[in-house]
Amino acid sequence: MTAFRAMLAKDLRVELRTMESVPAMALFAVTTFIVFRYGLDRQSLAGSLAAGVLLATVLFAAILAINRLFVAERDEGGFDAFRLAPADPTSLLAAKAAAIVIYLLALELIAVPVFAAFFLDSASGLPAIAAVLALADVGLAVTGALISSMAANSRSRDILVPLLLLPLSIPLVVAAAKASALALAAGGPSYGGFGKWLVVLALYDMTFAAIGYGVFEYVIED
Amino acid sequence: MSPGSALQERAASAVAKTAPAIEVTGLVREYDERPVLDCLDLTLAPGCSLAVLGPNGAGKTTLLRILATLLRPTSGTVRVLGHELPGARWRVRGQVGLLGHEPMLYRELTVAENLGLQAKLHRVANPERRIAELLEAVGMRERASQRVRELSAGMVQRAAACRAVLHDPVLLLLDEPTSHLDPEAAARVTALLGGEGRRRTTVLVSHDVGAALGTSDQALLLRAGGSVAFSGPASALSEGDARAAYGGAA
């Protein structure tokens with residue numbers, strides 16, 4: 001846990017100093033909502049369309065941070081320094097995933113109220129959306145951290161991350177969209193089947209956490 | 001842990017304490033099927049120092065990275081501190097310090113924050129005191145709260161030297177440790193790396209042939225391509241012979 005806490009604290013401290021990820025994610029999300037608002041020419045959205053707008057925006061905003069996740073480790077020797085220490089390699093993956101979860105929560109604190117103001121007639125579905133986003137954030141963070149570590153040493157990192165992450169995140173997006181569509185249904189939230197999609201999201205999170213735990217050591221070693 | 005495995009653990013530990021610090025047999029490392037180290041044999045006793053010399057492209061840095069557990073050998077056997085690599089790398093990590101071309105410091109963190117992070121990763125006891133001692137030793141106490149990106153190359157090298165010995169490693173791997181340093185700073189860093197009062201096993205890569213031979217017990221001279229031109233006591237290798245392997249480049 002010491003290595004996990006140390007690496008997470010390092011990432012959060014660097015982000016607070018440089019503001020490289022979260023402000024860019026927030027700006028991207030707000031701009032995207034404006035584009036959707038005028039592109040769709042709709043004053044309000046509900047159901048699957050609302051869910052799609054929200055989740056696509058969060059997913060693409062997440063990629064901005066995931067792309068940069070291991071840049072300092074690659075460019076400043078952080079990988080080598082970490083590998084020279086007697087630390088469990090998976091603590092690095094866990095710290096990076098936790099950092100992405102925190103970035104996404106910070107993004108959503110800004111993006112969800114803006115989304116609600118732009119597109120929703122009622123805020124009654126937002127508590128359920130918070131649950132969906134929390135589970136989706138964990139899945140995106142774990143998968144994203146794993147993909148980012150694999151792409152870190154490639155010159156095509158900026159292309160590789162979305163190319164690998166987007167197909168892998170399809171099950172997560174499907175489950176999150178189904179649950180969100182129920183939460184944002186026209187006329188108020190409808191919770192029939194909502195729990196089932198949350199379970200699918202939790203299973204996705206656990207599956208990729210287990211995969212990350214199993215393979216991360218081989219990803220960062222020579 | 002069962003009594004049997006505890007016994008095995010103690011036996012392995014005892015062997016590790018008496019074995020050579022470094023034992024390399026038939027080491028080959030290739031990049032894209034091009035050999036960088038070619039059939040290298042090497043033995044270094046605990047507490048001894050080794051100078052690794054050779055022209056650019058001779059595989060010196062590659063050798064250090066293999067000994068540091070950061071690279072795998074393509075073939076051959078490598079034992080460091082009694083443990084075979086890469087399989088037992090977890091037993092070696094934390095006992096090795098590496099000071100290479102890359103300072104391994106985060107540019108947006110201060111010097112003290114960087115060393116504090118490494119102290120946590122290496123579980124250094126009483127880290128504040130240790131960091132203060134090291135920064136004092138290299139004349140950087142006043143720079144502790146400065147971000148690494150604001151430092152000159154020489155100051156970064158001093159901080160990197162502190163990082164390399166922060167956890168008091170048994171084996172120290174040094175790749176041009178005094179590069180970017182003025183003579184006064186070089187003397188401070190050399191004293192720090194020298195062992196802080198006890199004799200560390202040290203592998204030193206340097207292009208300063210005379211100084212490296214003068215301060216080392218053993219010498220390893222590599223040719224371009226990674227084959228061995230000389231391996232033995234440093235006193236048996238003359239500076240002129242060593243320079244000849246550089247093709248007049250040194």
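Q: A residue counts as buried if 20 or more other C-beta atoms lie within 10 Å of its own, exposed if 12 or fewer, and partly exposed in between, with C-beta atoms placed from the backbone. Which residues of S7(B) point one way, and which the other way?
A: First, this is a predicted model: local features need pLDDT of at least 70, side-chain atom pairs count only at pLDDT 80 or more, and totals for chains, interfaces and linings use all residues. Residues are numbered from 1 along each chain as its sequence is written, while chains are lettered from A and ligands numbered from 1 in the order in which they are written. Helices (H or I, at least four residues) and strands (E, at least two) are DSSP runs, numbered from the N terminus. In S7(B) everyone listed here is buried: one way point Leu171(B), Leu173(B) and Asp175(B), and the other way Leu172(B) and Leu174(B).

Q: Why is strand S7 of chain B largely enclosed by the rest of the structure?
A: The strand covers residues 171-175 of chain B. It is largely enclosed because the count of its buried residues is five of the five.

Q: Which strand pairs with S7(B) over five bridges?
A: Two strands pair if DSSP finds at least two bridges between them. On one hand, S6(B) (residues 96-99) runs parallel to S7(B) over four bridges, with Leu98(B) partnering Leu173(B). On the other, Leu172(B) sits opposite Thr202(B). The parallel partner over five bridges is S8(B), residues 201-205.

Q: Which strands are the edges of the sheet?
A: Six strands of chain B make an open sheet with mixed pairing, in the order S6-S7-S8-S3-S9-S10. An edge strand pairs on one side only, and that describes S6 and S10 (228-233) of chain B.

Q: Which strand of the sheet makes about 155° with the direction of H2(B)?
A: Angles run from 0 to 180 degrees between N-to-C directions, and axes are lines fitted to C-alpha atoms, for helices over the stretch in contact. Leu171(B) stands opposite Thr201(B) in S8(B). Helix H2 (residues 60-67) of chain B packs on the sheet and touches S3 (49-53), S6, S7, S8 and S9 (218-222); the strand at about 155° is S8(B).

Q: Which residues are in contact with Leu173(B), leaving aside its neighbours within four places in sequence?
A: Being in contact takes C-beta atoms, placed from the backbone, within 7 Å of each other. By that test the list is Leu64(B), Leu67(B), Ala68(B), Val96(B), Gly97(B), Leu98(B) and Val203(B).

Q: How are H6(B) and H7(B) placed relative to each other?
A: Their axes come within 10 Å and cross at roughly 10°. Angles under 35 degrees count as roughly parallel, over 145 as roughly antiparallel, 65 to 115 as roughly perpendicular and the rest as oblique. The two helices are therefore roughly parallel.

Q: How many residues of H1(A) are on the side of chain A that touches chain B?
A: Across the two chains, 21 residues of chain A are in contact with 23 of chain B. On the chain A side, the elements giving two or more residues are H1 (2-18) and H5 (78-84). The largest share comes from H1(A), and it is eight residues.

Q: Where is the cis peptide bond from Leu85(B) to Pro86(B)?
A: This bond has omega near 5°. Pro86(B) lies in the loop between S5 (83-85) and H3 (89-92) of chain B.

Q: Is Leu81(B) buried or exposed?
A: This residue has phi near 55°, a positive value in a residue other than glycine. Its place is the loop between S4 (75-80) and S5 of chain B. With 23 other C-beta atoms within 10 Å, Leu81(B) is buried.
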